[in-house]
Each structure stands twice: as structure tokens, then as C-alpha cells.
Amino acid sequence: MGHKIFISYKYGDTSVKRLDRTPWYESTKVRHYVDELQDKLEEGDHINKGELDGEDLSNFKDSTVESKLRDKIYDSSVTIVLISPNMKEANKNEEDQWIPWEVSYSLRETTRNDRTSRRNGILAIVLPDVNGKYDYMLEQKTCCQSGCTLWHTNKLFKVLRMNMFNQNEKTSSICSLRDNIYYGYVSYIHMIRWDNFIGNINFWINEIKKIRDNKDAYDIHINV
């Protein structure tokens, strides 16, 4: 059974690996990854509730646009956030950027006409940079025999960062190099690489919905 999915991303960020689907005269943008993902979602009968290509949502403070965004997220159950190297605009406050608000609304439970929309499950998908690398956000380390991954959450928007490693009772151990290693889904917003996600979409959507169903196990922050 398909799910209604909202996709949050920085439309024009070109700091990502080139995709074959990109016309030769264009640079690959995060939007091209959305097109790739949308094709895959349609194959699995999932519905993308995000904006369509060319739809202008730039003026978030306009009440009509805000209402339109809320409606789309209200009617979805999963939010996918595409993480790219330049998703954050350094010259703007987080409150003036799209992604934090989209994540915040996804985390809220809203009641309309006696019907309450449940909090969305949220999956953060890290896109490869222009060199095809992921270590700007997910860095592979050798802190134990089986290896581990360092999440660079300090580079994320606050509302994303505050909902990672926020499980109330986390399972962890100290490795031989004295690093603290966490096991399982210790973050309400789990983060994975694009190449691990795109070939196994249904699995990951189902895993995220399991996390959502276990939401009381997490200290969830909804404010931007």
C-alpha cells in the first residue's frame, strides 16, 4: 500500500553529484534528485505531496502559501528531507528558510474538523556532494572493529539536529578508542545515504513509520 509523502529540500542547490537525467547544458540541482525520487515513488504507488516543479513557494510569510503548505503536510504521513551541502543559506536566519518550517509542521499534530493528523515519520536522506562523497554529513570512522558513522549534526538546521539522538533510553557502548557508539534507531529523524535509500525505498519508509508509531520513546522538538 502506498503512502502520502512530503519532500523537503533546497531546490536550487547545485553542490551535488551529477545525475544522468540532467540535461547536458544544466548543472544538476537537488530538484533533479527529487525528480528521480518521484519516479521511484510512483513505481511503489506512493504519492508525493510536495510542490510541483515550477510552483513558486518562495514567500513563506504570505498566509495563502503558508496555508497551502500546511494542507500538503497535514495530508501526509511521511516527510523526506533531502540533505545537501548548501541546503542552509548562511545569510538568512533559519526562521526565514523553508526547510525548518516544513520539518516543524511535519512534527506537529493538527486537528481539523474533529480529525487529528498524526505526527509524520521523518527520514533525512544525505545526497552525494559534487565528488560523489557523503562524508560532509555522514563520515565513516574506524572507532571499532565493525566501523561506525559520525553524524555531523552541527551542520543541520536546529529542528533537525534537536530530533536526532533524542531517544529517551538509548542503547550504546564504549568502543576500544573510547568513543560512544549508539545502536538502533536512537533518532526520531533517522539519517541515511542516498545510495542506500534509492534502491530500497519501501523498506525505509516502513522503518520510518515504525519509528513514528513509537514516538513516545523520543523527546521530540517541534519549534524552528
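Contact, as the word is used here, means heavy atoms within 4.5 Å. With that cut-off, and leaving aside its neighbours within four places in sequence, I83 is in contact with A124, I125, V126, L127, Y136, M137, L156, L160 and M191. The model is a predicted one, in which local features need pLDDT of at least 70 and side-chain atom pairs count only at pLDDT 80 or more, while totals for chains, interfaces and linings use all residues. Residues are numbered from 1 along each chain as its sequence is written, and side-chain values use heavy atoms, with hydrogens and water left out.

The term pLDDT stands for the predictor's confidence in each residue, on a scale from 0 to 100. Its average over the chain is 84, and 82% of the residues score at least 70. Over residues 52–57, however, the pLDDT is below 50, although this stretch has 9 contacts in the model beyond near neighbours in sequence. Where pLDDT is low, the predicted coordinates should not be read in detail.

A nonpolar core is a set of buried Ala, Val, Leu, Ile, Met, Phe, Trp, Tyr and Cys residues joined through side-chain atoms within 4.5 Å, where buried means under 20% relative accessible area, exposed means over 50% and partly exposed lies in between (1.4 Å probe, protein chains only). The largest such core has 49 residues, and the members that touch the most others are L37, L82, I83, V103, L160, M191 and F197. Another core, of 5 residues, lies apart from it and includes C144, C148, C175 and I181.

V130 gives a view of the surface. Helices (H or I, at least four residues) and strands (E, at least two) are DSSP runs numbered from the N terminus, and V130 is placed in the loop between β6 (121–126) and β7 (138–141). V130 has a relative accessible area of 52% and is therefore exposed. Not counting residues up to four places away in sequence, V130 touches T14, S15, V16 and K17; the C-alpha atoms of V130 and K17 are 4.1 Å apart in space, although the two residues are 113 residues apart in sequence.

Helix α6 can be checked by its length. The expected span of a helix is 1.5 Å times one less than its number of residues, so the 13 residues of α6 (residues 201–213) should span 18 Å, and this agrees with end C-alpha atoms that are 18 Å apart. Among the buried residues of α6 are I201, W204, I205, I208 and R212.

Charged side chains make further links. Side chains of opposite charge can pair when their charged atoms come close; a salt bridge is counted for a side-chain nitrogen of Lys or Arg within 4 Å of a carboxyl oxygen of Asp or Glu, and the structure holds 13 of them. One joins E109 and R119, with 3.9 Å from N to O. Because E109 lies in the loop between α3 (98–107) and β4 (110–112) and R119 in the loop between β5 (115–117) and β6, this pair ties together parts that are 10 residues apart in sequence. E109 is partly exposed at 41% relative accessibility, whereas R119 is buried at 15%.

A second salt bridge is formed by D213 with R118, the closest N and O atoms being 2.8 Å apart. Since D213 lies in helix α6 and R118 in the loop between β5 and β6, the pair ties together parts that are 95 residues apart in sequence. D213 is exposed at 52% and R118 partly exposed at 42%. D213 also forms a salt bridge with R212, at 4.0 Å between the closest N and O atoms, and R212 is buried with 7% relative accessibility. Elsewhere, K10, E89 and K92 are linked in a network of salt bridges.

Aromatic rings complete the picture. Rings of Phe, Tyr and Trp (its six-membered ring) pair if their centres lie within 6.5 Å, and planes under 30 degrees apart count as stacked, over 60 as edge-to-face and the rest as tilted. The whole structure has 8 aromatic pairs. F165 and Y182 form a tilted one, 5.4 Å centre to centre with 55° between the planes. F165 lies in the loop between α4 (158–161) and β9 (171–174) and Y182 in strand β10 (residues 180–183), so parts 17 residues apart in sequence are tied together. W151, F165 and Y182 form one aromatic cluster.
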